[in-house]
Structures are given as structure tokens and as C-alpha cells.
Amino acid sequence: MPQEQILLDKASARFNDYQINRIRKALILAKKAHSKQKRLSGENYIYHPLETALLLEDLKLDADTIIAGILHDTVEDTEVDLSRIKKDFGKDVAHLVEGVTKLSKIRLKKSWFGIGKKKLEEIPEFERQVETLRKMLLSTSKDIRVIFIKLADRIHNIRTLDSVPPESQVRIATETLDIYATLADRLGIGQWRGELEDLSFKYIYPDEYSKLSLRMGRILKRKKNEVEKAKKLLMKFLIKSNIKVIDVHGRVKRIYSLWMKLKRYDNDLSSIFDLVALRVIVENEEDCYRTLGIIHDHWRPLPDRIKDYIALPKPNGYQSIHTTVAGPGGKIIEIQIRDKKMHEKAEQGIAAHWYYENIKPRKKSLFFSRTKKPQPIPKYIGQWFKELSSWQKNIKDLTELKDNYQFDFFKDRIFIYTPQGDVKDLPMGATPIDFAFSVHSEVGNRCIGAKANGKIISLSHELANGDVVEILTTKKNKKANKDWLRFVKTSVARNHIRRSQKN
Ligand code: MN
């Protein structure tokens with residue numbers, strides 16, 4: 001299998017023999033476990049975990065993550081269980097696989113999709129639901145590596161979405177765009193975000209997608225020569241000034257982000273200057289600013305179009321200098337300048353941080369975390385966590401982070417499903433009564449019983465994260481029970497119960 005060989009070749013360049021043997025062992029187990037299964041495309045199932053692991057390898061994540069990527073569907077879909085994984089690969093890999101398995105039930109409910117995605121966007125409740133699912137994904141993960149695996153899994157699934165029945169395509173693509181691409185963006189993983197967005201776009205808005213790709217194709221054909229000319233000249237200028245150029249390439253704007261931008265510019269492509277940009281990668285930060293000076297020496301910059309994201313990085317850590325100039329022949333062109341490290345970070349985001357640690361030979365240890373010294377949190381990861389923590393107002397301090405992989409922003413929240421698949425975000429210790437009132441005041445008032453995951457529970461029962469809760473109601477008009485005030489946790493429930501007494 002070519003993917004298997006590619007994975008082993010790439011991994012061998014980074015890991016010691018001990019880790020390579022573990023990876024081989026995981027491959028043997030996964031191949032055996034999935035041997036009788038096919039993907040909807042008809043391909044052998046093993047291609048899917050292999051592609052997932054390859055994506056993780058390309059992000060240069062640690063061996064445990066690669067192994068968990070190979071095994072990520074075994075517990076859900078095959079005879080292999082977690083105790084087997086723990087015995088053979090250690091508790092960290094078992095935790096990762098368990099985490100990914102748990103995430104598989106976090107999804108948008110089908111009934112949202114009868115009315116078309118465009119209309120959905122106009123419903124505030126849909127946006128709230130999407131945000132709750134993002135939070136739920138993070139709260140269930142606890143270890144950032146689980147999210148990496150889930151994102152890689154989703155990339156391969158969306159690459160092969162053609163073989164999924166059409167009625168599921170829009171739901172999966174919407175989930176991908178609104179939940180996973182957004183997470184990849186918040187993690188700063190530009191290459192993954194881009195692919196997730198573009199592929200989902202194609203399924204959600206097929207007409208817009210094909211129209212825009214035609215328009216784009218025509219312009220790109222014309223622009224190709226301009227960019228080539230500018231590139232050659234720029235190389236000449238930089239070499240003359242003794243700047244070490246790592247790479248200069250034309251980068252084409254991603255179709256989804258172009259579409260989003262066009263919405264803000266009255267659909268006028270001629271006012272979009274960065275459809276094609278020239279990207280210059282140099283050795284270090286100082287050379288970035290020198291390069292900017294040299295560019296402006298030769299080509300007149302457009303006013304108000306110089307953006308210094310090195311001094312002022314974007315919230316997700318993105319750094320570069322952008323400038324738009326009148327290039328050769330007076331043609332307007334955007335140029336992006338960054339150094340090697342910034343480039344890696346822009347493509348790999350938070351994952352790039354571990355690259356430098358992982359290439360060092362490490363002692364033989366089953367448990368990755370045991371050999372791992374606590375590292376200071378780099379500035380941009382700090383920014384990222386701040387961004388995330390804005391979801392959770394009560395976060396006290398970044399030092400709460402046990403190590404760089406672990407996070408627990410939502411430890412005092414639980415996420416509860418309705419039988420229809422909606423998710424409610426509740427405080428820890430919440431009861432069926434809190435849940436009932438979060439659905440609707442009348443559901444609360446008329447509540448006479450509750451089931452969690454199909455079993456009858458008492459009304460004061462503490463719900464657990466991920467429970468599916470069904471509220472049994474009476475048709476008769478009924479007041480809320482005053483005694484409920486003794487155990488409810490939310491002010492919403494408390495207020496409704498008090499109000500109900502007055503009526
Ligand atoms: Mn999978």
C-alpha cells in the first residue's frame with residue numbers, strides 16, 4: 001500500500017526505532033481490524049485511517065498522535081477495545097482514541113437541513129447551536145491532540161464526500177464548515193482550514209462554487225504572467241541586496257475566502273487585489289522589514305494597504321507583512337512577507353510548536369508525557385488560549401494548563417442532548433428540571449418525569465456530560481413544583497419556578 005510506505009518513510013525521518021516499531025504495530029492491528037470493511041467509495045477501509053495518520057504526520061505531531069490516528073476508528077467500528085489499545089500502546093494512545101470515539105456523536109441534527117443552508121444562516125438558534133457544538137467538542141476533548149485527530153479524520157471524510165448519499169452531503173459539509181473549519185482557524189492551522197472550507201463550500205453552494213471557479217480561472221490565466229514577471233524582478237532585487245530568499249511563490253486566494261470577501265465588496269472582483277499574491281519567505285524577522293523597504297524602493301505602495309501582522313499578529317497568531325504595490329507595468333499586486341518560522345506557523349498553527357521538540361531523539365518511554373518537561377507557553381499559543389477562553393468567562397489563569405496538550409476550559413459545564421439531537425449547555429450538577437426549563441418554560445412547568453439515555457431518573461438526578469435527556473410532560477396546565485427550588489442549579493429554572501408560583 002503506497003500510503004503505508006509513505007507514512008513509514010516520513011515517520012522514520014523523525015522518530016527513533018522504538019517509536020517506529022510502535023507505529024508498525026499499530027498499522028498491523030488496524031489493517032487486521034478493518035480487513036473486512038470497505039468505505040462507501042468501495043475502497044478498503046484502511047485507506048481512511050492511513051490518510052488521517054498521514055495528515056497528522058505532515059503536521060509533525062508526536063508518535064502517540066500518529067498511532068492514535070491509525071487506530072482512531074477501531075474502537076467504534078471493530079472488535080478492538082480500549083483495554084487492548086492501552087495494553088499494547090499505553091494509556092496516552094488509549095485516551096486519544098477514546099476521545100476521538102466520544103466526539104463521533106457530536107453532530108448537527110438532521111432536521112435542520114430541510115430548509116437549505118442559506119435560510120439556516122438567518123436563524124439565530126442555528127448559530128447558537130453551532131457555537132454550543134464547538135464548545136462541546138472542546139469540552140469533550142480535554143487534550144488538544146484529540147482535536148487534531150478529529151480534524152484530520154474530517155479532512156479525509158470531506159475529500160471523499162462524493163460517495164456519501166446526497167441527502168447527507170449538505171449536513172456533513174455544513175458541520176465541517178461551521179464547526180471544524182472554524183476550529184482549525186482558531187487553532188491557526190491555515191492549510192487545514194483552507195481545505196475544509198473550500199471542499200465544504202462546493203457541497204453547500206454548488207452553483208456559487210462553479211460560477212466563481214470559472215470567473216477565477218479566467219482571471220488567473222491572465223494574472224499568471226504578471227506574477228511571474230514580478231517574481232523574477234523581486235528575486236533580482238533581493239539577491240542584489242544580499243537578502244537570503246528561502247522561497248518566492250505566487251499564492252492564489254482560497255475560493256471560499258474569496259467568496260466571503262466578494263460579499264463585502266459588492267461581488268466586484270476588480271476591487272480585490274489579493275486574488276493572487278506574491279509570497280516571499282526570508283530567513284528572519286529583520287529581513288522581512290528589509291524586504292519591505294526594497295519592495296517599496298522599486299514599486300510604489302498603495303496607501304493604507306500596508307499591514308504589519310508581525311508587530312501586531314492576528315488573534316490566532318498569524319504573522320506576516322502585507323503590502324499592495326503598483327508592480328511591473330503598473331499592475332497592482334499584493335506581496336506578503338514572512339520568515340520561515342512564521343510561514344510554518346501560518347500553515348500548521350498551534351501544531352508547529354511541537355515540531356522542534358519532536359525531532360529530538362527521546363528516551364524510550366511508553367508514555368509521551370512522562371519524558372516531557374513542562375514548557376513555557378509560547379506567546380501565540382497564549383493568544384490562542386485567550387481567544388478560546390473568551391468562550392468561557394470564568395477561566396482564571398493560563399497556568400491552569402497542566403501541560404501544553406491539556407486544557408479544561410469547560411470543566412464546570414456539561415452538554416446535554418434533547419432526543420431530537422439539540423444540545424444544551426448547562427452548569428455541572430444540573431438536573432432534569434434545569435434541562436427542561438432550558439428547553440422551554442412550559443416543558444419545565446409540565447414536567448412529571450425524566451429519562452436519561454432511555455432510563456427513568458429522578459428529577460433531582462445530576463446529569464452527566466453527553467446524556468440524552470427526555471422530559472416527560474403532562475398535557476394538563478400545571479404549576480412548577482416549589483420543592484424543585486431545593487436542587488435546581490440554574491437561575492433560569494429558579495426564576496421560572498418562582499414565577500409559576502405567583503400565577
Ligand atoms: Mn474516521
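What share of the 503 residues in the protein is buried? Buried residues make up 53% of them, where buried means under 20% relative accessible area, exposed over 50% and partly exposed in between (1.4 Å probe, protein chains only). This is a predicted model, in which local features need pLDDT of at least 70 and side-chain atom pairs count only at pLDDT 80 or more, while totals for chains, interfaces and linings use all residues. Residues are numbered from 1 along each chain as its sequence is written, and side-chain values use heavy atoms, with hydrogens and water left out.

**Overall fold**
- The protein has 21 helices and 11 strands; helices (H or I, at least four residues) and strands (E, at least two) are DSSP runs numbered from the N terminus.
- Of the contacts (heavy atoms within 4.5 Å) with a separation of 6 or more, 68% join residues 24 or more positions apart.

**Nonpolar cores**
- The largest nonpolar core has 108 residues, and I23, I70, L71, L151 and W192 have the most contacts inside it; such a core is a set of buried Ala, Val, Leu, Ile, Met, Phe, Trp, Tyr and Cys residues joined through side-chain atoms within 4.5 Å.
- Helix α10 (residues 144–159) supplies the largest share of this core, 9 residues.
- Leaving aside neighbours within four places in sequence, W192 is in contact with L55, L56, L59, F148, L151, A152, I155 and A184.
- Another core lies apart from the largest one and has 22 residues, including I414, I433, I457 and F487.

**Second largest pocket**
- The second largest pocket holds about 700 Å³ of space.
- It is lined by 33 residues, and R39, Y45, R107, D153 and N157 are the closest to its centre.
- Elements giving two or more residues to this lining are α5 (74–77), α7 (91–103), α10 and α11 (166–186).

**Y309 and its loop**
- Y309 is found in the loop between β4 (307–308) and β5 (321–326).
- Y309 counts as buried because its relative accessibility is 18%.
- Not counting residues up to four places away in sequence, Y309 touches K314, Y318, Q319, S320 and H322.

**Cysteines**
- The structure holds 0 disulfides, a disulfide being a pair of cysteine sulfur atoms within 2.5 Å.
- C288 counts as buried because its relative accessibility is 0%.
- C447 is also buried, with a relative accessible area of 2%.

Conventions: 1 Å grid on protein atoms, 1.4 Å probe; cavity = no way out; pocket = protein on both sides within 12 Å on 5 of 7 lines; lining within 4 Å. Points joined across faces, edges and corners; volume = space filled by probe spheres on them.
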